[in-house]
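I opened the model to look up its salt bridges, its helices, its nonpolar packing and one of its pockets. My notes follow in the order in which I went through them.

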Amino acid sequence: MTKTTTPEGWRRPVIRSLSILFVLPFLASAAISSLAADDPRVLADEAVDANPGLEALRARTAELDALAGAAGTWSDPVFGIEYSNVPVNSFSLRDHPMSALQLQAEQTSPPWGWSGLRQKVATSRTQASEHALAEAQSQLRRQVYELFWELTLTRMLEDVTRQHIARTEELLEAVRARYETGAAGQHQLLRLGVLRDRLGDELGDFARADSVLSAALARALSRGAGRSFATPRQLEPKPVSGTVSEWLALAREERPELKRLGESVRTAETAAELARVDGRPDVTVWMKYRARSIDTPLDDGTDQVSVGFSVPIPWGSAKRSRAERAAQRQVARAERARLAAALDWIESDLTAIHARWTRAFEQVIAYRENLTPAAGAALETAFSDYSVGRADFANLFEAEVALLDLERTLVSATVQTHIQAAAADASVGTALRGGRP
């Protein structure tokens, strides 16, 4: 005679197993989180140091800085020597009174203020390149942070899914025990089996996402695609620090892109002034010294000196100057418009980031302190009631699915606070006063 298991006989061990199953994931997560995870700040520094695109910007900045050191330099002085007016039949300086050895020095000087303006334009372009480099570094840091936290989210969601697969197996054992006594229908086993198999299939998606994100993170760090990264298995949410107005005021001071656009405006305005000054004619000053060797009763061969200057007639140069000045003014106008547009975009971006960050943190508090514990208690209660016939299978199944959804939402919201913190830092251009992510 086959011995059957009564509800009271199997309820206690399964409840004990279910209770252990609620506790073990947290113990396992605590053990895993005790292992050293990669620090996203260290990874971001590594990316900034190794990225070839940033190295190209550094080289460009160094190039402009080198050119700025020579900007505003005058043209070279000219020295000449002339064997002048000698007879072709003797090539002697003594055979003709006009013969002489002539030395000449010449210097062309630009208009007043030209050198200083050239230096300012070159220095301004160098500073704009430095701000462009800082902006690229900030955006690369944001990319590394976001990839790291998305990889962390993928692995935490995988952990939650594995916990629920194991929990579903426990529920299947309980339902199977009732099915064998005729107290449960086969459809109950099938529904739990489908849930278990669906969660098992999702593990493949998590594995794929892990590989894709790890490869993207390695690429951002300019390292081999096979590099692995250690992520935390437990996270505390990052609270919102500051208001949108405070962030925007900080961005006006610190955002490299705004500094670059502001420097571009100054470059164009200075270049317009340089074009105005450049329209003035250059002055060339020269001096000639004629060393003579003739000695006659009428000409004792005294050496001669000539001094003079020349100024070009500014027909074409004045027209070119006016055109260049007008063009640079339009460049300055365009850069001011880009600066205003960038400010509007940053304000909009910061508003959206603040809203997402605030909502994610509110979700963490609500789900962690109320909803998830209540859902866990509801599942345990539904299981207890189901075991004695006071609850149907639908209540048990819905409680398990609800807990799964809530735990996933809690994990996603927690990681989202860190993602939005990184986005806020990049949009502001520096670490928020509440600390870096």
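I began with R41 and D39, whose side chains meet in a salt bridge at 3.4 Å, N to O, where a salt bridge is taken as a side-chain nitrogen of Lys or Arg within 4 Å of a carboxyl oxygen of Asp or Glu. R41 counts as partly exposed at 40% relative accessibility, and D39 counts as partly exposed at 29%; by the cut-offs used here, buried means under 20% relative accessible area, exposed over 50%, and partly exposed in between, with a 1.4 Å probe and protein chains only.

I noted the basis of these values before going on: this is a predicted model, in which local features need pLDDT of at least 70 and side-chain atom pairs count only at pLDDT 80 or more, while totals for chains, interfaces and linings use all residues. Residues are numbered from 1 along each chain as its sequence is written, and side-chain values use heavy atoms, with hydrogens and water left out.

**Other salt bridges**

A search of the whole structure gave me 21 salt bridges. One of them joins the side chains of R142 and E146 at 3.0 Å, N to O, and both residues lie in helix α4, four residues apart, about one turn of the helix. Helices here are DSSP runs of H or I with at least four residues, and strands are runs of E with at least two, numbered from the N terminus. R142 is buried, with a relative accessible area of 17%, whereas E146 is partly exposed at 21%.

Being four residues apart in α5, E202 and R198 are separated by about one helical turn. E202 counts as buried at 15% relative accessibility, while R198 is partly exposed at 41%. An α-helix has 3.6 residues a turn, so residues three or four places apart point the same way. I also recorded a network of salt bridges that links E169, R196 and D197.

L195 is found in helix α5 and counts as buried at 3% relative accessibility. Leaving aside neighbours within four places in sequence, L195 is in contact (heavy atoms within 4.5 Å) with T168, F397, E400 and V401. I also looked up its separation from I165, which is 30 residues away along the chain, and found 8.3 Å between the C-alpha atoms.

L203 also has its place in helix α5 and is buried, with a relative accessible area of 15%. With neighbours within four places again set aside, L203 is in contact with E158, T161, R162 and I165.

**Nonpolar cores**

Which residues touch the most other members of the largest nonpolar core? Of its 56 residues, they are V144, L217 and L221; a nonpolar core is a set of buried Ala, Val, Leu, Ile, Met, Phe, Trp, Tyr and Cys residues joined through side-chain atoms within 4.5 Å. At least two residues of this core come from each of α2 (40-50), α4 (114-180), α5 (186-220), α8 (316-387) and α9 (393-428), and α4 gives the most, with 17 residues. L217 touches L43, V144, L147, F148 and F229, not counting residues up to four places away in sequence. Apart from this core lies another, of 18 residues, among them W247, L250, L258 and A421.

**Helix spans**

For α4, 67 residues at 1.5 Å a residue should span 99 Å, and its end C-alpha atoms are 98 Å apart, which agrees; the expected span is 1.5 Å times one less than the number of residues. α4 is followed by G182, whose phi is positive, near 85°.

For α9, 36 residues should span 52 Å, and its end C-alpha atoms are 52 Å apart, which agrees. α9 is followed by G429, whose phi is positive, near 100°.

**A pocket**

Last, I looked up the lining of the second largest pocket, which has 22 residues, of which W114, R118, R125, L274 and D278 lie nearest its centre. A pocket is an open set of points on a 1 Å grid over the protein atoms alone, where a 1.4 Å probe fits, with protein on both sides within 12 Å along at least five of seven lines, and lining residues have an atom within 4 Å of a point. The elements that give two or more residues to this lining are α3 (52-68), α4, α7 (256-278) and α8.
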